[in-house]
Amino acid sequence: LAATQPSTNWHLKENGREHHTSKFSSEELIVRRGQTFLITFNGTEKPEQNLIFIAETGPKPSKATKTLATFDISSTVSKEGWSAVLQSTNSNSVTISISSPHNAIIGRYKLSVQIGSSSPASLGTFVLLFNPWSSGDDVFMPNKAECEEYVLEEFGIIFAGNKNHISGFGWNFGQFQGDILNICLSILDRSLYYRQDPITDVSHRHDPRYLGRVLSAMVNANDDQGVVLGNWSGKYEGGKNPSSWTGSGEILQSWKKSGFKPVKYGQCWVFAAVLTTVLRCLGIPTRTITNFSSAHDADGNLRVDEFYDADGNHLEKGADSIWNFHVWNESWFTRNDLGPSYSGWQILDATPQEESGGIYQCGPASRHAIKEGEVDLDYDCPFVFAEVNADCMYWNYDPATGKKTLIFSKSTEIGDSISTKAVGRDDRVDVTSDYKYEEGSAKERDIFKKARKKLGLEDKFDPTAPTQEEIEQKPDISGKFKVAGSLEVGKDLNLLLVLENLQSDAKTVNVNMTAWSTLYTRRPVNEIWKDSISVTLAPKEEKQFPIKIKYPEYQQQLTTDKTIQVTALCHVEDGIQVLVQRNITLDNPAIDIQVLGEAKVNKEVVVEVAFTNPINTEVKDCVLQVEGSDLLQGIVELRIPPLKASEKSSTKLKLIPSKAGPKHILVNFSCDKFADIKTFKMVNVIN
């Protein structure tokens with residue numbers, strides 16, 4: 001019997017609703033594993049004939065690799081494998097409910113049916129995703145509000161700045177828009193793992209642990225022509241400045257359009273945001289995490305060394321560094337390899353910092369393992385543990401003699417105000433206590449010792465480490481920088497250097513001060529200012545020295561990260577040196593969005609964006625970039641005429657929302673004097 005080509009009704013609306021996939025705008029069926037879905041097809045003369053279904057995925061489907069399943073009609077849903085249950089029949093069509101196992105491989109499947117003894121006829125293709133709503137799935141998340149946020153929410157807030165001054169900016173993850181799902185699937189098929197052994201790679205795609213690790217490698221361009229090329233030079237010719245992106249969609253689309261050439265350029269939050277988009281798209285609950293004062297311990301000794309010359313300049317010596325902030329991901333899944341207490345949030349990091357297993361990938365590291373100092377567990381726990389716990393050593397280094405002297409060490413500096421967006425609200429939540437015990441507590445020090453011991457650092461002599469005598473030396477004076485006035489681009493920077501004599505005899509101090517513009521990684525870029533003063537402090541006296549850095553002095557030197565490191569190296573006569581430093585992040589001026597009128601599905605609504613030039617010179621080359629999932633297609637870019645001193649510009653644009661619910665509009669404004677002024681606004685769209 002020649003099989004006629006059956007026509008298939010995939011019940012897109014009903015299945016989409018049941019499977020939480022209705023946000024995808026696709027003509028193809030997209031469902032989640034471990035849950036039944038309906039299909040109706042015709043072309044069966046006698047529906048009661050034995051029907052055999054074939055579901056297959058990957059390059060060489062086979063039962064051995066679980067990439068091929070054949071199953072016939074049964075009376076109940078199978079707990080183990082694939083199954084089909086007859087729902088209804090009429091004269092020439094049949095409706096079947098099909099279910100896949102909880103641990104099925106995710107990806108695109110071809111579904112065929114064999115009727116009686118005829119050869120199999122194709123019913124078409126569908127995409128199978130992870131299912132955080134299903135208790136049998138490795139990514140099961142019992143809290144429904146968390147599923148909504150970490151899988152279905154297309155808007156996020158990423159925290160940045162520094163620990164004294166935390167700021168947040170909006171990001172459009174856009175995981176359900178346009179072609180993003182197909183791009184995510186093609187990322188998997190372009191990984192080194194797939195290229196080396198496609199059959200084995202596909203057979204592991206049931207495992208969120210495996211996919212998380214593969215994707216942490218693929219989101220950066222190192223090793224595998226992955227999605228985003230990192231650049232921390234401060235110079236971004238030939239690409240986009242990392243701080244100018246407002247969403248992942250443009251990045252993923254560009255990668256595909258260019259024939260899969262890495263997109264220029266990213267820094268940590270870009271890698272983390274793109275990884276969030278890909279993992280949420282595939283159904284793995286994921287969020288971005290910002291760690292303030294984040295250590296990059298390049299040599300694995302749980303210690304970060306920073307070097308300063310006699311003038312107080314921060315030297316780029318050694319591979320260790322402390323970043324003002326670093327952004328990574330947490331994804332939610334079980335760790336069958338480690339045991340139940342290590343399940344839950346897992347750390348993944350797509351920023352290319354150190355190689356793991358020969359390529360730039362990081363994680364999944366169990367968050368619980370990090371908190372308990374279990375640094376011997378898979379994957380990359382020592383690196384992540386150091387990011388939030390490393391001890392800091394500040395050294396004075398003399399380039400002429402190569403001699404280094406410890407200025408001071410600090411064990412409470414690293415891993416501060418670890419932050420993520422709240423569930424269902426646009427607020428910051430502090431998760432530091434999920435990463436470590438209270439800083440300065442005995443428990444926290446015990447865990448640090450435990451980690452050092454597991455890494456074999458306790459028993460081995462380290463010639464680069466300071467002596468106990470150096471660590472315990474006590475300075476004669478203390479100092480700090482205080483901020484006086486506002487920290488805003490366009491305004492003068494006013495600081496106070498406060499020095500206090502801790503001793504009961506007078507002290508003479510020579511102070512060398514510098515201010516450098518830096519990247520958010522604290523890499524020095526341009527010197528802004530330097531000065532030196534000589535001070536006599538009476539016994540127990542505290543003195544304040546005002547410092548003013550005028551806007552014209554720093555304007556040309558500032559990086560788009562808007563960060564300045566101010567340092568005072570105090571040489572105390574007959575005493576040890578004291579280093580006073582502060583990392584300052586300047587705020588951009590404000591930009592305002594107003595929605596004029598009510599936002600309704602498929603109805604035009606006007607949005608007004610207003611900006612006032614806060615400085616007393618003209619700003620030019622003004623560009624406004626606007627995006628928002630379900631509010632407008634792609635990115636709208638508008639050029640704005642130059643603005644004189646104190647002049648206000650107001651720009652109106654029209655949106656036609658395509659879906660109801662809380663949506664977010666994101667705005668990015670740049671000109672020759674201000675880079676990437678960002679804001680967002682929630683727009684509640686009604687039907």
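User: Which residues does the UniProt annotation "binding site" cover, and how should I read such a set?

Analyst: UniProt positions are given here in the numbering of this structure, with feature names shortened, and annotations may be inferred rather than shown by experiment. In this case the record, an unreviewed entry, places the "binding site" at Asn389, Asp391, Glu439 and Glu444. They span 56 residues in sequence, yet no two of their C-alpha atoms are more than 12.2 Å apart, so they gather at one spot. From this set, Asp391 belongs to the lining of the largest pocket; on a 1 Å grid over the protein atoms alone, a pocket is an open set of points where a 1.4 Å probe fits, with protein on both sides within 12 Å along at least five of seven lines, and lining residues have an atom within 4 Å of a point. This is a predicted model, in which local features need pLDDT of at least 70 and side-chain atom pairs count only at pLDDT 80 or more, while totals for chains, interfaces and linings use all residues. Residues are numbered from 1 along each chain as its sequence is written, and side-chain values use heavy atoms, with hydrogens and water left out.

User: Is Asp391 buried or exposed, and which residues does Asp391 touch?

Analyst: Buried means under 20% relative accessible area, exposed over 50%, and partly exposed in between, with a 1.4 Å probe and protein chains only. Asp391 has 13% relative accessibility and therefore counts as buried. Contact means heavy atoms within 4.5 Å, and, not counting residues up to four places away in sequence, Asp391 touches Leu302, Arg303, Val304, Lys410, Ser411, Arg445 and Phe448.

User: Where does Glu439 lie, and what is its accessibility class?

Analyst: Helices (H or I, at least four residues) and strands (E, at least two) are DSSP runs, numbered from the N terminus. Glu439 lies in the loop between helix 11 (432-435) and helix 12 (442-454), and at 27% relative accessibility Glu439 counts as partly exposed. Its contacts, not counting residues up to four places away in sequence, are Ser411, Thr412, Ile414 and Glu444.

User: What is the strand order of the open sheet of four strands?

Analyst: Strands of a sheet pair through backbone hydrogen bonds, either parallel or antiparallel. Two strands pair if DSSP finds at least two bridges between them. Here the order is 16-15-20-21, with mixed pairing. Strand 16 (314-315) and strand 21 (403-410) stand at the edges, each with a single partner strand, so one side of each is left without a neighbour in the sheet. Asp391 is in strand 20 (residues 391-398). Strand 15 (residues 303-308) runs antiparallel to strand 16, joined by two bridges, and Tyr308 has His314 in strand 16 as its bridge partner.
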